[in-house]
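Biologist: I'm new to this one, so please pick the salt bridges and take me through them slowly.

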Amino acid sequence: MERKIIRNIILAWVFFPVVSVIVFFSYCLCWTFYLLYAQTDAPQSQPKVPLNPIRVYKVTSYLLTCIYENLTGPFIPSILQYVWHKLSSEGKKKPSVRKNIRYGPKPRNRLDVYLPDHVSATASKNINKKYSDNTGHAAFTNQQQNDLPVIIFIGTSWNSGNKDICMPAAHNLQSQGYIVIVPDITIYPIGKIAEMVTDIQRCIYWAHTHIRSFRGDPSQIYLMGHDAGSILSALTIIHDVCATLNVLPPNNTNVNIPSWDNNIRRTGLPRVHGLILFSGVYDITYYYAYLYKRGLEQVHALPRVMGNNPDAFLQCSPAYLLNYALNNVHNREQLKTLLPRKVVLFHGDQDTFNPVTTTHNFYSLLCSAGIPSVKLNIYDHIKHISPKIDLIVPTRPLCVKILKDIKECCKGHGSIMVGSQLNEKRDEKEEMTNQDKVKTRNSRRRMSQVRH
């Protein structure tokens, strides 16, 4: 009996400090996260920091999962592969980028334009035909045949990030023959959903009015986004279509998604030719319930960005807006005409941050709307961040699949050269240049022989 008591005392003496440290660490981590991210626009009923151990456990588990996925998932290996790729002979090639072009009046309303190699070469040859637009950046004016498709990449999150973090993925897409536009948009708490959508509208308008100067095709603009970017992209386009057809649902909230102003409306419909969406969530009401179940609804930025109101969540849900339009529009053929011609949805089956359920439902609604080309890609054993991270390294298997699907989405665009076709064209030019050098060398030899 005494031995049993002594053993229990020893166990308690060993494990109590361990448990105490774990509990202390969990509360510190959770409270730090709350103080940094959960104070702005918090309801009065919400405490500054949680005391409930269940909520603390859920929030801490979420944070540790994020860290674990970054350490063991694709993040670090992809970054290392990207660095190795950039150090290789092919990666050392300096990309052509027009940086910090202003597209709107706000401080963050600037964008970068990534140009493929053959477009950059054309630009340098026609330098005498350049002009400076009102942004102070040079663009060449000679209008060429076979203008290229344009990808606008919305890569920032709700409350952090800038266009520079999208640079590696933009370099990869640029090397495949696309013109890539990466804008900075308003982030929370500087602005909320209305300001974010307005920035994307202005960026699309800028692309329509300026991209031909960079040999881009205004009729072949694709809006691409990951996570928050995919939600904003889908919402911007679908809300515009519903507003044009006057089939928006009744709105009694303080959240008002802005309509496109008169200047932007001159661009014609559809505003973009296609949507390329990664790891998004398209039903905000469902997603809020998902966050609540995981104990994250107070710290996640999305509810506050969208008004923190159930009715506002409906107004910000692309799936709800499209479903309402399908049930209330008088002419579905007109709805089909105004929507983008192509939509590609990407999602990983192991995404624990944005559940794949809403992507399945959104895909069904897009098919019901009669969009000519809708594709759903659910990748096996792929996590939330994987598509965005793997897209920076052209040799990664997931990146190869994604690039193939993007190429499929953008195909049928005249004689555009993408990926390997560009390399083949470069090799042909180099071979022709080498042949010319050989011919010149031989002719010089003949001339010297004749002289002698």
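**A close look at the salt bridges**

Modeller: Let's start with Arg202 and Asp199, whose side chains meet in a salt bridge at 4.0 Å, N to O (a side-chain nitrogen of Lys or Arg within 4 Å of a carboxyl oxygen of Asp or Glu). Keep in mind that this is a predicted model, where local features need pLDDT of at least 70, side-chain atom pairs count only at pLDDT 80 or more, and totals for chains, interfaces and linings use all residues. Residues are numbered from 1 along each chain as its sequence is written, and side-chain values use heavy atoms, leaving out hydrogens and water.

Both Arg202 and Asp199 sit in helix α6, residues 193-210, three residues apart, or about one turn of the helix (helices are DSSP runs of H or I, at least four residues; strands are runs of E, at least two; both are numbered from the N terminus). Asp199 is buried, with a relative accessible area of 0%, while Arg202, at 23%, is partly exposed (buried is under 20%, exposed over 50%, partly exposed in between, with a 1.4 Å probe and protein chains only).

Now hop to Asp240 and Arg271, whose closest N and O atoms are 2.7 Å apart in their salt bridge. Asp240 is in helix α7 (228-244) and Arg271 in the loop between α8 (262-265) and β8 (274-278), so this pair ties together parts 31 residues apart in sequence. Both Asp240 and Arg271 are buried.

Helix α13 (332-338) holds Glu333 and Lys336, again three residues apart, about one turn. Their salt bridge has its closest N and O atoms 4.0 Å apart. Glu333 is partly exposed at 49% relative accessibility, and Lys336 is too, at 25%.

Finally, Lys99, Asp112, Lys163 and Asp164 link up in a network of salt bridges.
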